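Let's take a walk through this structure together, one part at a time. Here is the sequence with its fold.

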Amino acid sequence: MPLATITIAQALRKLRMKECSAQELALACIDRIEAMNPTLNAVVHTNFERALEQAKNIDASGGTSLPLGGIPYLAKDVFCEAGVPTTACSNILRNKTYTPPFDSTTTKRLTAAGAISLGKANTDEFTMGSSTETSCYGVTRNPWDVTRVAGGSSGGSAAGVAADMGLFALGTDTGGSIREPSAFCNCTGLRPTYGRTSRFGVMSMASSLDTIGPICKTVEDIALVMNVIAGKDPLDGTTVDKPVPDHTKVLTGNVKGMKIGLPKEYFIEGLNPEIETSVHEAVAILKDLGATITEISLPHSAYATATYYVLCPCEVSSNMARYDGIRFGHTVDKPASLTDYYGRVRSEGFGSEVKRRIMIGTYALSSGYYDAYYRQAQKVRTLIRQDFNTAFRDVDIIAAPVTPNPAFTIGIHDNDPIAMYLEDIFLVGQVMAGIPAMSVPCGFTKTGLPLGLQLMGAQWSEELVLRCAHAYEQATRFFEKKPAL
Amino acid sequence: MTQLTEQQVRHIAQLARLQLTEDEVRRFPQQLTSILQYVDMLKEVDTSAVEATSQVTGLENALREDVPAAAIAQPDALLGCSALPIVGHQIQTPSAH
C-alpha cells in the first residue's frame, strides 16, 4: 500500500514503530501533490522546504511521540501561518502575496502537536461558494470525476485528502463548506459546535457562523485532530471554556439504544433518488446495529437557506471592509482620492460573488431595511434553533442527506447564484443552531460519484456524533474506496 | 416585490466602496434582485413574539484581565505587509482630500 494512502492512526503506529520516518511520509505526500496537482488544482501554495525541515527535526528529536507527531496536512488558504503565503484565493491578497507575520491558533496547536503543514488548499474566494469556482486560482477538480467540482468552499482540502496529498486537511464551515466537499470527495468531515474550535488567525467570512474543523479519511482521524485543535483560546472570545475530552475514547462501535431522528423536511422533491436511497440504507444499518429510528420534524427548515443568505452577507459586508488596500493586499497607482483608492482596490481585488455578498449585506443593513432583513433573519434563526432544541429532547442524533445532488459539473451554476445557494439547502440549519454536524461516506451513485450521510447532534455533543459516525463507518467501510487517478 | 434598479445598485456599490464596471452594473441588478426576492420568503414568518439570536454559545461580553503578554506579531512585520510607503513607522495613505 503506498505510504500516502494511510490514515493518521495507521501513520502514528508506523512512525512510532519506526516502520517509516516523518521525512518519508512527508515526501510521499509531496510526491502526490507534485503528481496530481496539475490535474486537480487542490493546492495553491506549497511549503515543502519548511515541511521537510520540520519532519527532519521530528525524526531526530523523537517527536513522533507527540499527539500528531510527523503527520503531514494541508490547511485551507484562509489559515494564517507565519511566513507562508495565505491569500483566501482572492486577488485582493494574491496580487501582493499576503504573507502573514503570525500563526492562526489552530495551525499553531497543530505544529506544537507535531503535525506538518505542506501548503495551502484551494477554496472559494474568502470561502464564499460551494464549488471552489470563485477561487482566483481556478476550480479544484473532483478526484472521482475531473469534469465535476470537488465541492466548496473547502474543495481543495477535500480533494487533497481524497488524492492522498495530505493525511488530513483543515477546512472551515460557515454554511456547509466542510461537509459538502467531504461528501463530494468520499471524505469524512466535521463541523464542530460553534465555539469549540478557535477562529483566531483564520480570515473571517461570517463571524457568528464560521467554524474550524478537520477533513479526514476516517472518524478516528477526526477524533485525533479534534483532540489537538478543540478548546478555549484566549485570542478568540467566542470559544467556550469546556474541558476537551479524548475524542477517541468514545469510538466503541456501540450504538445500541441510540435514538436517531429522520427529519421529514429533508426528504423533499428535488432530492436525488440515489441519495435518498443511500441515506435510508445507512439508517437501516444503524438500526441493525441497535439504534432506534423515528421520523421527526424541523418545521422551519424551508427558511434556513434564506436566513443564511441574509445573515451571511450582512456579516460579509462588515468583515470585508478591512480589505481597503492600506495595511495589506492589493494596491493601485495614482488614486484621485482616498475614496477612489478604496473603490479601485476593492473592485480590482474582489470577484463577483464577494461583490454580490458585500452589496446584499450593505443593502440589508442599510437604514430602512435593517428590520425587514437582518432583524427578521435573526428572529427566524431563533425559530430554526428552537426546532433543533425541541428535536434533541426526543432523539440523540439527526440523520439526513448532506446535499440534494452528488458533485455537479463544473460551470453548471455560472451566473445563477440562487441555483448555487440551493446546493446548501441541508447544510445551513445546523449553522443557525450552532450544532455539530458531520459528513460520512455512505456509498456511490451508479456512475461512481461519492455520497455522504449527514449526522448531527445537540450543541457540544461531538462525542455522540463521532460514536454514531464511527459505528456506521466500521459497518460499511466506504472510506476504503479510492478514486482511480 | 423587491426590484433593484441600476441606479440603486450604483448607490449600494458607492456605500460599499466598490467601483463597478459597466458590465457589472448591467448584470448585478437582476442577480441581486433574484437573491432579495428569494430571501423575501422570510417576511411570511410570524416573528412577533420571537427574540432575535445574535449568539448561540451563551457567552456575552467575554472579558479578561488586562495583563501584558508577548506580542503575536512585531509592528515592523505588520507594517511590512503594506504595499504603501512606510514613513516614520506609519503607512502613508492616499490623501483623503
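Let's begin in chain B, where Glu6(B), Val9(B) and Arg10(B) of helix α1(B) meet Val25(B), Phe28(B), Pro29(B) and Leu32(B) of helix α2(B). Two residues are in contact here if their C-beta atoms, placed from the backbone, lie within 7 Å. By class, this contact of α1(B) with α2(B) has 5 nonpolar residues, 2 charged ones and no polar ones. Ala, Val, Leu, Ile, Met, Phe, Trp, Tyr, Cys and Pro count as nonpolar, Asp, Glu, Lys and Arg as charged, and the others, Gly among them, as polar.

A word on what you are looking at: this is a predicted model, in which local features need pLDDT of at least 70, side-chain atom pairs count only at pLDDT 80 or more, and totals for chains, interfaces and linings use all residues. Residues are numbered from 1 along each chain as its sequence is written, while chains are lettered from A and ligands numbered from 1 in the order in which they are written. Helices (H or I, at least four residues) and strands (E, at least two) are DSSP runs, numbered from the N terminus.

How do the two helices of chain B cross? The axes of α1 (residues 6-15) and α2 (residues 22-39) of chain B come within 9 Å and cross at roughly 95 degrees. Axes are lines fitted to C-alpha atoms, for helices over the stretch in contact, and angles run from 0 to 180 degrees between N-to-C directions. α1(B) and α2(B) are therefore roughly perpendicular to each other, a label for angles of 65 to 115 degrees.

Now for the meeting of the chains: chain A brings 52 residues to the contact and chain B brings 45 residues. On the side of chain A that touches chain B, α13(A) gives the most, with 10 residues. That side of chain A is made up of 26 nonpolar, 16 polar and 10 charged residues.

Chain A also holds an open sheet of 11 strands with mixed pairing, in the order β1-β3-β2-β6-β8-β7-β12-β13-β11-β9-β10. Two strands pair if DSSP finds at least two bridges between them. At the edges are β1 (43-46) and β10 (292-296) of chain A, each of which pairs on one side only.

Follow β11 (residues 397-401) of chain A, where 5 of 5 residues are buried; that takes 20 or more other C-beta atoms within 10 Å of a residue's own. β11(A) runs parallel to β9 (residues 259-263) of chain A, joined by 2 bridges, with Ile398(A) as the partner of Gly261(A). With β13 (residues 450-456) of chain A, β11(A) pairs in the antiparallel sense over 4 bridges, and here Ala400(A) stands opposite Gln454(A).

Helix α8 (residues 219-229) of chain A lies across β6, β7, β8 and β12 of chain A, at about 145 degrees to β8(A). In α8(A), 10 of the 11 residues are buried. Just after α8(A), Gly231(A) takes a positive phi of about 120 degrees.

Finally, the largest nonpolar core has 168 residues, and Val310(A) is one of those with the most contacts inside it. Such a core is a set of buried Ala, Val, Leu, Ile, Met, Phe, Trp, Tyr and Cys residues joined through C-beta atoms within 7 Å. Among the residues that Val310(A) touches are Tyr373(A), Val39(B) and Leu42(B), not counting residues up to four places away in sequence.

Definitions and conventions: Buried ≥ 20, exposed ≤ 12 C-beta atoms within 10 Å, placed from the backbone. Parallel < 35°, antiparallel > 145°, perpendicular 65-115°, else oblique.
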